[in-house]
Amino acid sequence: MILNLLFILFSYLPVGVPNISGASTVSTTNYLAVKKGYVMSYNGAEGRANWVGWTLKSSDVGPVDRSNRFREDLDLPRGFKRVDDDDYRESGYDRGHLCNSEDRTSSDALNEETFLMSNMLPQTPELNRGPFKFLEAYCRKLVLKKGQSLLIYSGGVGAKGRLASGVPIPMYVWKAVYSPTEVIYVLFPNERTLSKNWNQYRVSKDRLEKMTGFQFP
C-alpha cells in the first residue's frame, strides 16, 4: 500500500524522480540537471555525478541499437569539470553507466543521452559487467515480464583514488530500486574480485543513507 502511494506521488514530480539530495541549479557540488530520460545531481568540482535517477516502464525498452557514442556533456555550466572519453583511456576502468543504455532503447535520442560522460563512473570491469549488469537485467525483467513500473537511483560513494585525468574512482557504487512489490538497496565494492550474485550486496536503507548522505523515498 505504501509503495503504491509513493508511485502516485512520483507521477506529480518532474520526470517522476524525487530530488534525494536537494540538488539545485545554483549549486556547484550538488547541481540539478534534468535530462529528457533521467535526472542528475552533478558535482562540478569533482567531475562526477552524485546520483542519477530515472523511471523505467515497458515503453522505455524498444528496438533501438546501442549508441556507443560516448561524449562530453556540453550542457553543464561553464567552469564545471567536464569529463570526456579520453579521461578513461588506458585506465583499466570501464565507463560505467548509471542510467544504463538498455533502459532507454525507445528512441535514438534517449539512448544517445545515456552516453553522456556525466552519466558515467569509473567501474572495474568485474563490477560493471558482473553483478551491476545482472541487477540491471533483473530490473528490466520486472518491467517486461511482470508489467511493473520502477523508480531507480544509482551513484558512487567515496574515493579510492583518481584516474590520471583527476576523475575520482568511487570506492562503492550503489543502487536503489523501487517497485510496487519490493525495494532493493545495494552497495557494490568497486573491486576486481566480486560475486556475480547481486543479492549478496543488499544493504538496509539506513546504511545506504548514512553512506551517501541522501534521503531516499
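1. Arg202 has a relative accessible area of 36% and is therefore partly exposed, a class lying between buried (under 20% relative accessible area) and exposed (over 50%), with a 1.4 Å probe and protein chains only. Arg202 forms a salt bridge with Glu182, with 3.7 Å between the closest N and O atoms; the term denotes a side-chain nitrogen of Lys or Arg within 4 Å of a carboxyl oxygen of Asp or Glu. Because Arg202 lies in the loop between β8 and α5 and Glu182 in the loop between β7 and β8, the pair ties together parts 20 residues apart in sequence.

2. The model is predicted: local features need pLDDT of at least 70 and side-chain atom pairs pLDDT 80 or more, while totals for chains, interfaces and linings use all residues. Residues are numbered from 1 along each chain as its sequence is written, and side-chain values use heavy atoms, leaving out hydrogens and water.

3. A salt bridge also joins Glu136 and Lys175, whose closest N and O atoms are 4.0 Å apart. This pair links distant parts of the chain, 39 residues apart: Glu136 is in helix α4 (residues 131-146) and Lys175 in strand β7 (residues 172-178). Helices (H or I, at least four residues) and strands (E, at least two) are DSSP runs, numbered from the N terminus. Both Glu136 and Lys175 are buried.

4. Glu191 and Lys160 meet through their side chains in a salt bridge of 3.7 Å, N to O. Glu191 is partly exposed at 37% relative accessible area, and Lys160 is likewise partly exposed, at 32%.

5. In total, the structure holds 15 salt bridges.
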